[in-house]
Amino acid sequence: MKYHCLIIDDEKVLADSTAEYFNLFGVKTVSVYGADDCRKFFKDNTAELILLDINLGDGSGFDLCKELREKTNIPILFISARTSDDDKIVALNIGGDDYIQKPYSLGVLLAKVKAVLKRYGRAATCEYSDGYLTVNFLSKQVKVKDTSIKLTTLEFKLLNKKTNLSLR
């Protein structure tokens, strides 16, 4: 099953109430409660964004983030009650895209999640193909018929801007 957001937090009441709130506003969200649950989730499901707590009952959110980064580039937003600048720095340096302190406002968190989904979600999952031209916006690969075409970064940006393919 495809979800917009996966919440990984061992505080079940908080995770479930956040997921319920997001679902009310059209952001399809599910929550799991630990690193093992996360691994099981990704065997049969996908998510476009992850909200990840640092302190999990069965491991560290930092370690899970490193593990996830080996397999995926989807945005990871840390949510934690930890207030140390060192924790924030570690979270961002190991692959986190943002750090949000608990307690958080559900409305503000939802706005951040929607902004990230809008910015990264489409491009991360979008592939354009018309039978002749295929463009993968995640891997930045272009094929004409079945032949791969190597584009420079500038050429890819121009293709993207000129055609607006990633917005379809």
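G59 is partly exposed, with a relative accessible area of 33%; partly exposed covers the range between buried (under 20% relative accessible area) and exposed (over 50%), using a 1.4 Å probe and protein chains only. This is a predicted model, in which local features need pLDDT of at least 70 and side-chain atom pairs count only at pLDDT 80 or more, while totals for chains, interfaces and linings use all residues. Residues are numbered from 1 along each chain as its sequence is written, and side-chain values use heavy atoms, with hydrogens and water left out.

**Overall make-up**

- The protein has six helices and eleven strands; helices (H or I, at least four residues) and strands (E, at least two) are DSSP runs, numbered from the N terminus.
- Of its 168 residues, 39% count as buried.
- The accessible surface is about 9,900 Å², and 52% of this belongs to carbon and sulfur atoms; such areas come from the Shrake-Rupley method with a 1.4 Å probe, and for residues only the protein chains shown count as cover.
- Among contacts with a separation of 6 or more, 55% are between residues 24 or more positions apart; a contact means heavy atoms within 4.5 Å.

**Nonpolar cores**

- In soluble globular proteins, nonpolar side chains tend to be buried together.
- A nonpolar core is here a set of buried Ala, Val, Leu, Ile, Met, Phe, Trp, Tyr and Cys residues joined through side-chain atoms within 4.5 Å.
- The largest such core holds 22 residues, and L6, I8, I50, L52, L64 and F78 have the most contacts inside it.
- At least two residues of this core come from each of β1 (2-8), α2 (35-44), β3 (46-52), α3 (61-69) and β6 (76-80).
- Helix α3 gives the most to this core, with four residues.
- Not counting residues up to four places away in sequence, L64 touches I8, A35, C38, R39, L52 and L56.
- A second, separate core has 17 residues, including V27, L77, V113 and L117.

**T18 in helix α1**

- T18 belongs to helix α1, which spans residues 12-24.
- The relative accessible area of T18 is 0%, so T18 is buried.
- The side chains of T18 and Y104 are joined by a polar contact of 2.9 Å; a polar contact is a pair of N or O atoms within 3.5 Å, where within protein one must be able to donate a hydrogen and the other to accept it, and residues adjacent in sequence count only if both atoms are side-chain atoms.
- T18 is also in contact with I7, L106 and L109, among the residues beyond four places in sequence.

**Loops and backbone geometry**

- Most residues other than glycine have a negative phi, and most peptide bonds are trans.
- A cis peptide bond, with omega of about -5 degrees, joins K102 and P103.
- P103 sits in the loop between β7 (98-101) and α5 (106-125).
- K102 and A81 are 21 residues apart in sequence, with their C-alpha atoms 4.6 Å apart in space.
- A81 lies in the loop between β6 and α4 (85-93), and counts as exposed because its relative accessibility is 51%.
- K145 is a residue other than glycine with a positive phi, near 55 degrees.
- The loop between β10 (141-144) and β11 (147-149) contains K145, which counts as exposed at 57% relative accessibility.

**G59 in strand β5**

- G59 is part of strand β5, residues 59-60.
- G59 and G34 are 25 residues apart in sequence, and their C-alpha atoms are 7.3 Å apart in space.
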